[in-house]
Amino acid sequence: MMPVDLYKSHSVAVIGGGPAGLMAAEVLIKGKVKVDLYDSMPSVGRKFLVAGKGGLNLTHAEPFEQFLSFYGIRRAELEPILEQFGPDEVRKWADSLGIETFVGTSNRVFPVSMKTAPLLRAWLERLRNDGVNFNVRHKWLGWCENGSLRFETPDGERNVKADATVLALGGGSWRRLGSTGEWVTLLGERGVKVASLKPSNCGFDVDWSPHFRTRYEGTPLKSVILSFTDSKGNVFHKQGEFIVTEEGVEGSLIYAISAHLRDEIEATGKAVIKLDMAPGWSKQRLIARLSQPRGSQSISNHLRKTVNIQGVKAGLLWELVPKQNLKDPECLAAAIKELPISLNASRPLDEAISSAGGVIFEELNEHLMIRSLPGIFCAGEMLDWEAPTGGYLITACLASGRAAGTGVLVWLETNRE
Ligand SMILES: Cc1cc2nc3c(=O)[nH]c(=O)nc-3n(C[C@H](O)[C@H](O)[C@H](O)COP(=O)(O)OP(=O)(O)OC[C@H]3O[C@@H](n4cnc5c(N)ncnc54)[C@H](O)[C@@H]3O)c2cc1C
C-alpha cells in the first residue's frame with residue numbers, strides 16, 4: 001500500500017454514486033487518497049435502490065466458469081476483473097457491512113431482507129466515516145480548457161481540479177434515476193469511442209389485438225419453454241416465465257435472451273420466438289387427448305378438460321392460431337408445443353433494466369483507464385458489456401468499480417513526482 005504522507009495530498013474525483021462509483025470510492029479511500037464523490041441527483045444509489053424493489057439479486061452462486069459465460073462476447077475483458085472480485089467476494093463484502101445473504105431459487109443470491117436500503121445505508125455510513133466527501137446535485141458537464149472538471153450545481157457552475165477521475169455514470173435506462181447517458185456526447189467530443197447505448201434486459205412489442213391486450217395485460221405465462229433460432233442459425237432454448245404487457249411481452253424469460261432478440265430485430269426487422277406451453281407433454285400425448293370426442297363442449301372447455309390449457313395460454317391460441325386449426329387436434333397440439341409469436345421491436349432504452357453499449361474496452365488499458373485521457377478511468381454499466389439479470393449486472397459493476405479504484409492508486413503511484 002502507498003505511503004500515507006505522499007498520498008493524502010492527492011485528490012480523486014469519482015463521478016456517479018451507483019454501485020460502481022461507490023465501490024471505486026471505497027477502494028480509493030482505503031488507499032489513503034482524498035475522495036470526492038459527485039452525483040447529479042439529490043441522493044446517490046437511486047437505481048441501486050430500485051433494483052431492490054422486487055428483491056435485490058446481488059450475485060449468483062454457480063461455478064465460476066458458468067458465471068463468466070453470462071458475459072458473452074465481453075467475457076475475456078471482464079474475467080480478470082471478476083477474478084479479483086467475483087460472487088464470493090460480493091457476498092463477503094455484503095457480510096462486512098452486516099448484510100447477510102442467502103442463495104435463493106436458481107442459485108440467485110439476495111440479502112436476507114431482499115432490499116437494497118439496509119445495505120446502501122450501511123455502506124454510505126462506512127464511506128462517510130472513512131472520509132469520502134459526498135457532493136450531490138453536482139451534474140458533470142465535461143472539462144474546462146485547463147483540465148478541471150465542470151459541474152452544474154444549484155449555486156452555479158463549479159470547477160474542480162482532480163489528480164485522477166473515475167467516471168461511473170451508468171447506462172441510459174430509467175433516466176429519472178439519474179443515469180441519462182448524456183456522458184456519451186461528452187466523451188465523444190474528446191474522441192473516445194462509445195458503442196451506442198441500446199436496451200438490454202428489455203421487453204418487446206407484439207401486435208396484440210385490442211381484445212387480447214385488454215383481457216390479458218399483466219398476466220404471467222408460467223413455466224413455458226421459449227425457443228428462438230436467429231437468422232444465423234444460433235438456437236436458444238430456455239424454460240421460465242414471462243408477462244403479457246400492453247405492448248407485448250417482458251419478464252425474466254424474455255430478458256434472458258433479450259440481447260439476441262434485439263440484435264435479430266435490428267438485423268431483420270423482427271424476431272419470432274416459439275413457445276411450448278405444455279412442457280411436460282409430448283405432442284403425441286396432446287394429440288391423443290385432444291382427439292377425444294368433444295361432443296357439444298366448446299373448444300375452450302375441451303382444451304381445459306383434456307390438456308389443462310386455459311387462461312392466457314388458451315387466449316394465445318385464440319389470438320394466434322387460424323380458427324379452422326383450432327378444431328384439428330394435430331394443428332392444435334402443434335400450436336401448443338410450438339406457438340410462434342412475432343416480436344416487432346425492443347421497448348425503448350428508458351424502460352430497460354440495463355443498457356448494452358458504452359465505452360469500448362479497446363479504448364481502455366487493463367486498469368480501465370482511457371488510454372487517450374490519462375488519469376480518467378471508467379467503471380460500471382457505462383462500459384460496453386451486457387449480461388442478463390440474475391446478479392451479473394451488479395457484480396460486474398462492483399468489480400469494475402474496484403478495478404478502476406485500484407487502477408487509480410497504481411497510476412498515482414507510477415506517476416508521482
Ligand atoms: C428496475 C431495475 C431492477 C434491477 N435489478 C437488478 C438486480 O436485481 N440485480 C442486478 O444485478 N442488477 C439489477 N439492475 C441493474 C443495476 O441496478 C445496474 O446495472 C447498476 O445500478 C449499474 O450501476 P452503475 O454504478 O454502473 O450505474 P448507476 O447505478 O446507474 O449509477 C450511475 C450514477 O451516475 C450518476 N450520473 C449520471 N450522469 C451523471 C452526470 N453527468 N453527473 C453526475 N452524476 C451523474 C447517476 O445519478 C447515478 O447515481 C436493475 C435495474 C433496474 C432499473
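**View 1. Leu-149 and its bridge partner in strand 9.** Leu-149 is bridged to Val-160 of strand 9 in this predicted model. Strand 8 (residues 149–153) and strand 9 run antiparallel and are joined by five bridges; strands are DSSP runs of E with at least two residues, helices are runs of H or I with at least four residues, and both are numbered from the N terminus. Residues are numbered from 1 along each chain as its sequence is written. Local features need pLDDT of at least 70, and side-chain atom pairs count only at pLDDT 80 or more.

**View 2. Helix 6 against helix 7.** Helix 6 (residues 87–96) packs on helix 7 (residues 117–130) at about 75°, and their axes are 10 Å apart (axes are lines fitted to C-alpha atoms, for helices over the stretch in contact, and angles run from 0 to 180 degrees between N-to-C directions). Helix 6 is therefore roughly perpendicular to helix 7 (65 to 115 degrees). Trp-93, Ala-94 and Ser-96 of helix 6 meet Leu-119, Trp-123 and Arg-126 of helix 7; contact means heavy atoms within 4.5 Å.

**View 3. Helix 2 against helix 16.** The axes of helix 2 (residues 19–30) and helix 16 (residues 392–415) come within 7 Å and cross at roughly 35°.

Terms used. Heavy atoms only, no water. Parallel < 35°, antiparallel > 145°, perpendicular 65-115°, else oblique. Pairing = 2+ DSSP bridges.
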